[in-house]
Each structure stands twice: as C-alpha cells, then as structure tokens.
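Open the model in your viewer and keep the selection panel at hand.

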Amino acid sequence: MKVTLQNLTKVFPARGKKQQKDVIAVNDFTFEIADGTLIGLLGPSGCGKSTTLHLLSGLQKPTSGKIFFGEDDVTDLPAENRGVGLVFQNYALYPHLTVKQNITFPLENRKGKDKLTKEQMSEMANEVARLVQIDGLLDRKPAELSGGQQQRVAIARALVKQPRILLLDEPLSNLDARLRLQTREEIRRIQRSTGVTTIFVTHDQEEAMSISDLIVVMKDGVVQQIGAPQEVYDDPTNLFVATFLGTPPINVFDGYVQQGKLYIGTEAVLETAGVPDGEVTAAIRPEGFVPCAEGRLTCRLERVEVMGRDISVVSAHDSAKAVSIRSIVGAEHLSAVSGAQVRFDLKPNKVHLFDKQTGARIRF
Ligand code: ATP
C-alpha cells in the first residue's frame, strides 16, 4: 500500500507554565512512500519521529496536512479503522494469555461479516507464528519468553490483522546488542516476505541504515534528507546529516577556501575548484584519510588502534572541532604510521564542505 504524507504538520500548543511555547513536532512533512518499502525514520530525541508515527496510526490528529493510504484519505479516520499494525518498544503483551491467545486477541472482536471462527483464528495465528518463527512457543506465557521472542509475538500480533501498513516504534530498544542485530534482520526478512509497507522509528543510525530501503533524517520536526542509506551517507545535504550518520563519526574542521584550494590550518589540503573564497566547515569521513609521507594534512599522532583488517589512527589538529580525529585505514599502512606526526592525503569524495553559518552543503 502506497502511503502519502501531504504537508503534514503537528503543533502542540503552549500550555502556560508547563509548556511556554508552541512545539512544532512535525513541520510540513511531504513524502510519498512506495508500496512495499521499509522506511527508517531517524533522528535525535525529540525530532518528531514518534509523533509522525502517531499521526500515521491515527493516535494523534495532525494540526494541518493530509495522510493517504493508497488513494484513501485517512486523515480523519479513527485509529481502529485504519488497518494499521503497531509495534512498540515495550511489547505490551497480555501476561495472563498464552502466545497464541496474544496473537489472536486482535481478531476476537470482529463482528458481522468479518467475524471469524475459532479454527480460522487458529490457522491465522499459526501462519504468522511460522512467519516470525515462534511456532514452537505458542502455548507459553510471555514471561517464559526471551525479549527477542516477546518482540516477535508483538510483531505477529500486529501482522495477524493483515494490516495495510506496519508501524514499528523503536522495536529493538529493549533488546541486548546481539539480539538487536538478529531481530533487525528478522524484521527485514518478515517485511520482505509480507511485502507490507513498513515505517520504522529509531534513533540508532546503524539500525536504520542496515535494514531500510529509504531513510528519513529528521531534526526539530523538519525532514532534513530522504534517500537510500548509502546515498544519504555519501551525499549529505547538510552538516547535521553528515555528522548524524557514520560510526566513527565524520571529522569536522574549521577551514577556508582560497583560489580553489581548501586550507586546514596553513596547509592546502584539497583542490576545490569553483568554491568561492571564504571560511567553510570541512568534514572528512574516517575512510577519507590516506597516510602518506608527503601528505598534505599534518596531524599530531596520538595512537594507533589495530582492528585486524583495518587500523584506526587517532590524531589531533588545532582546526579540528573534536579533541580527536579518527581515521580508518588499511592495516598495510601500520608501519608508515609512527612518530609524533602523521600526514594524510584526502580522498576528494570523502570530504564535504558546508556553509559555516547555515551548515548547508557547498558542492565542488
Ligand atoms: P524520542 O526519540 O525521544 O522518542 P521523537 O523524535 O520520537 O523523540 P517526539 O516524541 O515525536 O520525538 O516529540 C517531538 C517534539 O514534540 C518534542 O519536542 C516533544 O517534547 C514534543 N511533544 C511530543 N508529544 C507531546 C505532547 N503530547 N504534548 C506536548 N509536546 C509534545
């Protein structure tokens, strides 16, 4: 099912002392989500991710703008009539019901022509349980399951209704690191095999990048960039997006451009033909540094961390915004990196320039 957001806006009005100013939680969000895609909504705490999900689910009403599921305008449709499957961070399973009863619960109250027999419900529960691979656990109570298994039950319960869209709000937050990794792959597999259009909220960039077809990066209610994860990583539209994506994070420097060259400190480190003279913010991905005896950027070497295939060179520079610069280079450079200084050449496609005031990208 295609989902369209049209100028979607949600304002929480000021409420005297408690909240002195209006909060624009979602600000003029327009986007068409193609049928069957998995969208990762990503951004720091308070950027409006959950509010966007609540607007889609019908739990909250937009201040202005519209939402369409396919061609249906669902903006004023109550949550229970939208055909949305919702999965939250806390799985909210009923502790006194078995796994199977938890899954069939949303089917129990169907009336009239939609009413299902016990056998039909059982068959549907078995089918989704197989899909999320909990078919061996149907008679257990939630307390007898691991966190990952409980989350699968919550997903099964959302899917059994054959929702038009599936909304996942930080579904992995309560899981430990290993289980998170495994469960996110599961979500991807389940989404692929059902083909249900899915919107997934997380503040974890790695999680969003690893499983989403498209990511939407938000800040202060405003969409900053939408694109395939690699595309957004490689071609960020502004400094916020560049710094939000990537581990280790992108290295940010104060720099300036003079006669088609980028200077960091006193060194001309890169050709930047076409960029007007003036101060800029330069950001360099960790994989953009190439150690080289005659390299153009000279940094103070602090330490080298060996990671097997790669090494992480930790250095410092007076023009860097952070205390340490982290670069990731091939282990074959290990012998070349020693002493008090390290010199780097820079890979041009890993260096991004931004306006010093606005943070907007300056292309070259
Ligand atoms: P988090 O990752 O912390 O859950 P988020 O990106 O999901 O954050 P939202 O919960 O959508 O952010 O909140 C966006 C903004 O709207 C925040 O500034 C928040 O304080 C505000 N907000 C959310 N719900 C309400 C509400 N019911 N009343 C007033 N303000 C609200």
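A residue counts as buried under 20% relative accessible area, as exposed over 50%, and as partly exposed in between. The model is predicted, and every stop should be read with that in mind.

Begin by selecting lysine 61. At 48% relative accessibility, lysine 61 falls in the partly exposed class. Aspartate 76 has 62% relative accessibility and so counts as exposed. Lysine 61 sits in the loop between α1 (49-57) and β4 (64-69), and aspartate 76 in the loop between β5 (72-73) and β6 (84-87), so this pair ties together parts 15 residues apart in sequence.

Next, select lysine 66 and aspartate 73. They form another salt bridge, whose closest N and O atoms are 3.3 Å apart. Both ends are partly exposed: lysine 66 at 35% relative accessibility, aspartate 73 with a relative accessible area of 38%. The structure holds 23 salt bridges.

Now colour by domain. The domain assignment gives domain 1 as 3-243 and domain 2 as 248-362. Their C-alpha centres lie 39 Å apart. Nine residues of domain 1 are in contact with 12 residues of domain 2. The two domains bury about 870 Å² between them, 52% of it on carbon and sulfur atoms. Select Tyr233, Leu239 and Ala242: they supply 55% of the area that domain 1 buries against domain 2, more than any other three residues.

For a salt bridge to show, select aspartate 235 and arginine 361, whose side chains meet at 2.7 Å, N to O. The count of residue pairs in polar contact between the domains is seven. On the domain 1 side, the elements giving two or more residues are α7 (229-234) and α8 (239-244). The most comes from α8, with three residues. By class, this side has four nonpolar, three polar and two charged residues.

Aspartate 235 is in the loop between α7 and α8, and arginine 363 in the segment after β21 (361-362), 128 residues apart. Aspartate 235 is partly exposed, with a relative accessible area of 30%, and arginine 363 is partly exposed at 49%.

Finish with Arg152, Glu186 and Arg189, which salt bridges with shared partners join into one network.

Terms used:
Residues are numbered from 1 along each chain as its sequence is written. This is a predicted model: local features need pLDDT of at least 70, side-chain atom pairs count only at pLDDT 80 or more; totals for chains, interfaces and linings use all residues. Side-chain values use heavy atoms; hydrogens and water are left out. Domain bounds come from an automatic or database domain assignment. Contact means heavy atoms within 4.5 Å. Buried area is the accessible area (1.4 Å probe) that two parts lose on being put together, summed over both. A salt bridge is a side-chain nitrogen of Lys or Arg within 4 Å of a carboxyl oxygen of Asp or Glu. A polar contact is a pair of N or O atoms within 3.5 Å; within protein, one must be able to donate a hydrogen and the other to accept it, and residues adjacent in sequence count only if both atoms are side-chain atoms. Helices (H or I, at least four residues) and strands (E, at least two) are DSSP runs, numbered from the N terminus. Ala, Val, Leu, Ile, Met, Phe, Trp, Tyr, Cys and Pro count as nonpolar, Asp, Glu, Lys and Arg as charged, and the others, Gly among them, as polar. Buried means under 20% relative accessible area, exposed over 50%, partly exposed in between (1.4 Å probe, protein chains only).
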